[in-house]
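Me: Can we go through this model together? I'll ask as I go.

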Amino acid sequence: MVLPNDLLEASVNMNVSLLLKDGRIISGKLSGFDQYMNLVIEEASEEKEDGEQRRLGKVVVRGSNIVSISML
Amino acid sequence: MVLPNDLLEASVNMNVSLLLKDGRIISGKLSGFDQYMNLVIEEASEEKEDGEQRRLGKVVVRGSNIVSISML
Amino acid sequence: MVLPNDLLEASVNMNVSLLLKDGRIISGKLSGFDQYMNLVIEEASEEKEDGEQRRLGKVVVRGSNIVSISML
Amino acid sequence: MVLPNDLLEASVNMNVSLLLKDGRIISGKLSGFDQYMNLVIEEASEEKEDGEQRRLGKVVVRGSNIVSISML
Amino acid sequence: MVLPNDLLEASVNMNVSLLLKDGRIISGKLSGFDQYMNLVIEEASEEKEDGEQRRLGKVVVRGSNIVSISML
Amino acid sequence: MVLPNDLLEASVNMNVSLLLKDGRIISGKLSGFDQYMNLVIEEASEEKEDGEQRRLGKVVVRGSNIVSISML
Amino acid sequence: MVLPNDLLEASVNMNVSLLLKDGRIISGKLSGFDQYMNLVIEEASEEKEDGEQRRLGKVVVRGSNIVSISML
């Protein structure tokens, strides 16, 4: 069995794509996380619906707003 | 009595279909889960309303966004 | 006094109808539940507004999405 | 001071009317409750906006969906 | 410093007006409360937008649905 | 580092402006607060969109509905 | 691994941009935070959609309303 926590730990320093509750998609390098699934994402960018990308830099994303985390 | 946790444990490595709070349907192989019902889904894909499928690969889906988990 | 938990325990293996927060109605046989009112429903089906039924099979329904559980 | 819990205890076997978060109104006999204010309602019926009543029988209503409980 | 709890305690048997999350306004006499700010309101009435009042009698209002409590 | 709690403590008896989740803005004198950030506001008034002010008097505002607290 | 908490600690007295659940964007200097990710922001301003800025001064922003915190 692969625990969610183990997968996240194995994915540190790798690229992930987050789907947020409000429909936003944020991509970047996973730098760290805590037990609430709050994430630190570096070189983050938001994928806009028109295909455009908005640079966000280094961000903390709160776990309570995350729907899913895809490993890229 | 079948506990939800027992059913999930018996379903590891089997295909499941998730209904999320925002109406999305995600299918794939259940690889693991934790006590918050956060799930690891492999070979995940999202079923779009037009019948199209969007590949998601390996994902962590947060339990707090899940309405139901169907065993396929 | 009838505790909610006692009524659920007495209803295992009986048919129930669930009203979910998003308005969906799911019916089937209650196979088990846990302390969060997560339920295992077998032979589950969703009653669509047009009277049609969609088969769901064996499902875990998360308690946090349930409004009410009717004993049939 | 009348504690909410005491009022509920005094209201067991009496008729109550529940206002739910989604605007539904459910009436019936309060048979029991737990510390989360999950309620068991017997002879429950939902009052529809057009004045019609839909019979629900014996139901567990989750406290997290309840706005208020009126003693009738 | 006036703690919220102290103000509520000083307001028992006095008239209060509640603003609920869904925009409803309920007025009446505060009879009691618990640590979740669940309230017992007596002689409660709901103020409708058209100025009309709907009598509710004795009600338990769940704290999780309350935005604010005004002392009258 | 200024802890949120310390800033609130230093702001007791001063004027604050609250932004609530439903978009309402409430201003008044902060009289006290507890560990859930439930606040007691005196001489409270709600700023309506048309610039009008509605007097609320002494209110308890539940922390779970507060987005931000501005020190005036 | 960079823990969210560590990144926040390293960002005290630096400029951050907050995305809130209701879509608002608030920028300013991070003065402090607690374990719920409640933040103290100084010289805060809200970026309006029309590009205009609304000055907020010193604010406590509740963590439960924050989607993400970008380090500027």
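Reply: Strands (E, at least two residues) and helices (H or I, at least four) are DSSP runs numbered from the N terminus. This is a predicted model: local features need pLDDT of at least 70, side-chain atom pairs count only at pLDDT 80 or more, and totals for chains, interfaces and linings use all residues. Residues are numbered from 1 along each chain, and chains are lettered from A in the order written.

Me: Which strands each supply at least two residues of the lining of the second largest pocket?

Reply: β3 (39-47) of chain A and β3 (39-47) of chain B.

Me: Which residues lie nearest the centre of that pocket?

Reply: A:L19, B:R24, B:E46, B:K48 and B:R54, out of 19 lining residues.

Me: And what is the lining like by class?

Reply: There are 14 charged, three nonpolar and two polar residues. Charged is Asp, Glu, Lys and Arg; nonpolar is Ala, Val, Leu, Ile, Met, Phe, Trp, Tyr, Cys and Pro; the others, Gly among them, are polar.

Me: Switching to chain C. Why is strand β1 described as largely enclosed?

Reply: Because five of the six residues of β1 (residues 15-20) of chain C are buried, meaning under 20% relative accessible area with a 1.4 Å probe, protein chains only.

Me: Which strands does β1(C) pair with?

Reply: β1(C) pairs antiparallel with β2 (residues 25-33) over five bridges, and antiparallel with β5 (residues 66-71) over five bridges. Pairing needs at least two DSSP bridges.

Me: Which residue is the bridge partner of C:V16 in β2(C)?

Reply: C:G28. On the β5(C) side, C:S17 stands opposite C:S70.

Me: What about the hairpin of β1(C) and β2(C)?

Reply: Four residues lie between the strands, and C:G23 takes a positive phi near 90 degrees.

Definitions and conventions:
Heavy atoms only, no water. 1 Å grid on protein atoms, 1.4 Å probe; cavity = no way out; pocket = protein on both sides within 12 Å on 5 of 7 lines; lining within 4 Å. Buried < 20%, exposed > 50% of the residue type's maximum accessible area, 1.4 Å probe, protein only.
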